[in-house]
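This briefing describes a structure for a reader who is new to the subject. Please keep the sequence and the three-dimensional view at hand while reading the points below.

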Amino acid sequence: MNKYLKKMQSAFVRPVAMVFLIIVMVVMASSLVSSAEAGSQAVKPAYALVNCRIFPVAQPVIEKGTIVIRDGLIEAVGPAEKVQIPEDAEIIEANGLNAYPGLISAHTNLFLETKEQSQTAAPEDYLAAFSQPTEPKELPWLQIVEKVKPKKQTVEAYHRIGITTVVVAPHEGIFQGQGVVLNLNSDQVNEMVLAQPWALHINFTTERGVYPSSPMGTLAFLRQKFFDTQHYSQHLQRYRQSPQFLKRPEYDPFLEALLPFVIDKKPIVFQCNNLEEIKRAVKLIKEFKLNAVLTGCNEAWRVSQQLKSASIPLLVTLDFRPPASSVYAQQGQATREKAEKEIYPANASNLAKEKINFSLTSFGLNDTNFVKNLRAAIKAGLPADQALRALTIEPARTLGLDKQLGSLEPGKIANLILTKGELFDEKTSIVKVMVDGTLFTYEEKGQ
Amino acid sequence: MREKIKKTGLLLSLLVFFLSSASWLLAGGDLLIKNATILTVTGNTIPNGDVLVINGVIKQIGQNLTAPAGVRIIEANGRYLMPGIIDTHTHIALSGTNEGTDAITPEVTMAEVVNADDTSIFTALSGGVTMVHTMHGSANVIGGTNVVLKLKWGKPSEELIVKEAYPTLKFALGENVKQSNRTLLPGRPQRYPATRMGANALIRSELMRAKDYMAAWDHYEQLKKSKNPPANLLPPRKDLRLETLADLLRGKLIARCHAYVAPEMIEFLNLSREFGFKIGAFEHAWEAYKITNELKAAGVGISVFIDSWAYKMEAAEGIAYNAAYCTQKGLLVSINSDSGERIRRLFNEAGKSVKYGLTQDEALKLITINAAKQLGVDRLVGSIEVGKQADLALFSQHPMSAYTRCEMTIIEGDVYFDREALLKERAAASTKKGGLS
């Protein structure tokens, strides 16, 4: 036997083995290269979540169902008896667990350097600080995707509160720049991007020392820029048609950045920090026929009639702090705290009563406060199913991603969460999260 | 003082409480006020008179009037009923005061930043004030357009705006626009203008730019309408700053100019003649008494403080006789608050003018009909007359007395301040555990 083998090795096996080895090495090397380069493009495994209670959002609840996921997408959803489990799928036993679409927070400032961090070291003497020129921070062309630095820790923290998709919006200046929609599937920006750019973000902020520095100045500034963009566009178009005997328009990067939004009606998000800012935004939107969304809006219930007739999508924050201009903020701490506890949490339920569609966001909140305030909003009268819609299908629609996100339906992106207990209950914990078909498993709270 | 602040705090907290119930605010605009001493301002005083208000308008004034069924009757018991007080110069109920980064900002519009949540509105109501001309600040040579509001506390901001009032544009001269009382930050240049000559020159040059702007648009419109318009005709750039100034030159806006000393007022009168724009009034106008003839010839009134002079250099030659003397010389004079606090005692401020030579009737006019005339709303408010809007204030004693206080404030027949009801509510609330509930 030994003799025979040795013969074979020398005569035949050795070259074959060499070739085989080489092939294996090449294949391994190439697969390494491809997985590193292609990222999410690599084929992901198939899963079958079985025996779970499914809240598909778009359809009625399925008491005992199966969800099949293949290569990052939902392949099938339905009652256990109707869904065939593919042979190659890894089975995840989810008996006693509830499945929901992953939640969407359509306005955050996640993964961005905060203002404190971005400030350069303090100058040695205060005179130098004064003499530093104050640069206006108007950056309508800013792509926030270029500034995003995802952190694994934050991704996990958001998974634990059920959020799988976020809008990251810029947060400085009036024309703040353009936001991005990210799927929280990893900490690699390019793999995470769902829509880029999502929208131009505008805030009625007033920064001291630079024009404009007042609410009325900000409005005039916005209006002037919108008029200028219209005029610039008119001039550009005319020049493209017949450049002869017409002076060319001077290149204006600011107005160039505004063209897609003011002229081609790509979405603009207006941040409305109090009820008057909602009215001001609605007025501007009507005046310039903008395709707009309002965000913030924690006083939206106070202008519900106007919002009802305007039918502008709303991204309502669960931040219940009364704005400084509010009557509830001008009369001492006791009144302000009372309003924060009792009046502002009812914003969403009041909007629901008026049959106004809205999304809920975590804007201005950290992960802990988001959950706490979401429960407070439900306690203040917001039906839980409406809260779920406001964090899934509603924001998906507003973001123009309702074909991919917002419900558990075949063909959509596999963003889902598995919970022990009903989603918004006090004792509920999120045990598994799937984003783009990538599975994350979390230990239960307190264990 | 601390006790007072506490009390005001409680009063305001109560108000939030009322806003939620709000039943007493919605009186429906119908009222019968019985047995009041009616200070009509434009006519004779009527002792033991009645005023019937239907749908917010004064329907009848007389004696022994009867109310239609269901109309609320207010027993005045001889107390004093006067027209709601009008403040011609204040900055309350706004989200901002100055766009101070530039000396020329006529593009900003105060009507767009009304804040109906400002508790100064309620403070003002407690002093019988029903209407305010709330303005851009005096940081800029040309500020923004101002707005006239009725103090309908609890109503949304858009319902406060008085559309019938003159549209006005704020100008300012002197120390505030020169920034002479500011510490110049090292490394930052002094903002132009730094002198009164500079302010004057700046206004002139801006108005000349506005004229050019108007000409450019006229030229464009002309070409557009012509038989053979040029092939590549484009409209000029729309400039909101110059649009507003063009409106001033077209007579669609009226200037209200913050000025202290006589020469700067004379300069501004000259500018108005040179460019053909209208001046509504000079604000503060401490040295108006020196130039009454010139002001009278130009038909320009003044909106002033009564006796708080000498608080800065340019107010050094101010005198407490200013308002009274200018009234006697035939100028249209009003007393303003310029403050969210003084606004609740404007009747005291007007009352002081009696010491400086006016009759009580003349003094009353300073905060009622004169103010209404300056704002272009005298056909609607400013006196108690049949057909006028029922903006009224009920005082415990003659409002020009030092011992009086405001008991009730009414706008268009709705009660917005009722001292007695408020005190009762306060007492009720304080007996509850924890005060408010």
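The secondary structure of chain A consists of 14 helices and 18 strands. The model is a predicted one. Of the 447 residues in chain A, 42% count as buried. Among the contacts in chain A between residues at least 6 apart in sequence, 65% join residues at least 24 apart.

**Domains of chain A**

- Chain A is divided into domain 1 (44-102 + 406-447) and domain 2 (103-122 + 134-405).
- The C-alpha centres of these two domains of chain A lie 31 Å apart.
- Their contact draws 22 residues from domain 1 of chain A and 23 residues from domain 2 of chain A.
- On the side of domain 1 of chain A that touches domain 2 of chain A, the elements giving two or more residues are strand 5 (98-101), strand 17 (429-435) and strand 18 (438-441) of chain A.
- Strand 17 of chain A supplies the largest share of that side, three residues.
- By class, the residues of this side of domain 1 of chain A divide into 14 nonpolar, five polar and three charged.

**Domains of chain B**

- The domain assignment of chain B gives domain 1 (1-84 + 382-437) and domain 2 (85-186 + 244-379).
- The centres of domain 1 of chain B and domain 2 of chain B, taken over C-alpha atoms, are separated by 27 Å.
- In chain B, 27 residues of domain 1 are in contact with 30 residues of domain 2.
- Helix 1 (2-21), strand 5 (80-83), strand 15 (392-395), strand 16 (406-411) and strand 17 (414-418) of chain B each give two or more residues to the side of domain 1 of chain B that touches domain 2 of chain B.
- That side of domain 1 of chain B has 18 nonpolar, eight polar and one charged residues.

**Contact between the chains**

- Chain A places 35 residues in contact with 33 residues of chain B.
- Helix 3 (126-131), helix 6 and helix 8 (275-287) of chain A each supply at least two residues of the side of chain A that touches chain B.
- Helix 6 of chain A gives the most to this side, with 13 residues.
- By class, the side of chain A that touches chain B has 14 nonpolar, 16 polar and five charged residues.

**Nonpolar cores**

- The largest nonpolar core has 231 residues, and those with the most contacts inside it are Ala99(A), Leu294(A), Leu81(B), Leu151(B) and Ile367(B).
- Helix 6 of chain A gives the most to this core, with seven residues.
- Not counting residues up to four places away in sequence, Leu294(A) touches Phe270(A), Cys272(A), Ile278(A), Ala281(A), Ile312(A), Leu314(A) and Leu315(A).
- Another core, of six residues, lies apart from the largest one and includes Val327(A), Tyr328(A), Ala339(A) and Tyr344(A).

**Helix packing**

- Two packed helices are described by the angle between their axes and the distance between the axes.
- Helix 6 (residues 215-241) and helix 7 (residues 253-262) of chain A pack at an angle of about 90°, with their axes 9 Å apart.
- These two helices of chain A are therefore roughly perpendicular to each other.
- Lys225(A), Phe226(A), Asp228(A), Thr229(A), Gln230(A), Tyr232(A) and Ser233(A) in helix 6 of chain A meet Leu255(A), Leu258(A), Leu259(A) and Val262(A) in helix 7 of chain A.
- By class, the contact of helix 6 with helix 7 of chain A has six nonpolar, three polar and two charged residues.
- In helix 5 (residues 240-249) of chain B, the buried residues are Arg241(B), Leu242(B), Thr244(B), Leu245(B), Ala246(B) and Leu248(B).
- The buried residues of helix 5 of chain B pack against strand 8 (142-145), strand 10 (168-172), helix 4 (196-225) and strand 11 (254-259) of chain B.

**Backbone geometry**

- Most residues other than glycine have a negative phi, and most peptide bonds are trans.
- Gln196(A) and Pro197(A) are joined by a cis peptide bond with omega about -10°, and Pro197(A) lies in the loop between strand 10 (193-195) and strand 11 (200-203) of chain A.
- The peptide bond from Tyr192(B) to Pro193(B) is also cis, with omega near 5°, and Pro193(B) lies in the loop between helix 3 (175-178) and helix 4 of chain B.
- Phe245(A), which is not a glycine, has a positive phi of about 60°; Phe245(A) is located in the loop between helix 6 and helix 7 of chain A.
- Phe245(A) is exposed, with 8 other C-beta atoms within 10 Å.

Definitions and conventions:
Residues numbered from 1 in each chain as written. Chains lettered and ligands numbered in written order. Predicted model: local features only at pLDDT ≥ 70, side-chain atom pairs only at ≥ 80, totals over all residues. Axes fitted to C-alpha atoms, helices over the stretch in contact; angles between N-to-C directions. Helix = DSSP H or I, 4+ residues; strand = E, 2+ residues; numbered from the N terminus. Parallel < 35°, antiparallel > 145°, perpendicular 65-115°, else oblique. Contact = placed C-beta atoms within 7 Å. Nonpolar A, V, L, I, M, F, W, Y, C, P; charged D, E, K, R; others polar. Core = buried A, V, L, I, M, F, W, Y, C linked by C-beta atoms within 7 Å. Buried ≥ 20, exposed ≤ 12 C-beta atoms within 10 Å, placed from the backbone. Domains from an automatic or database assignment.
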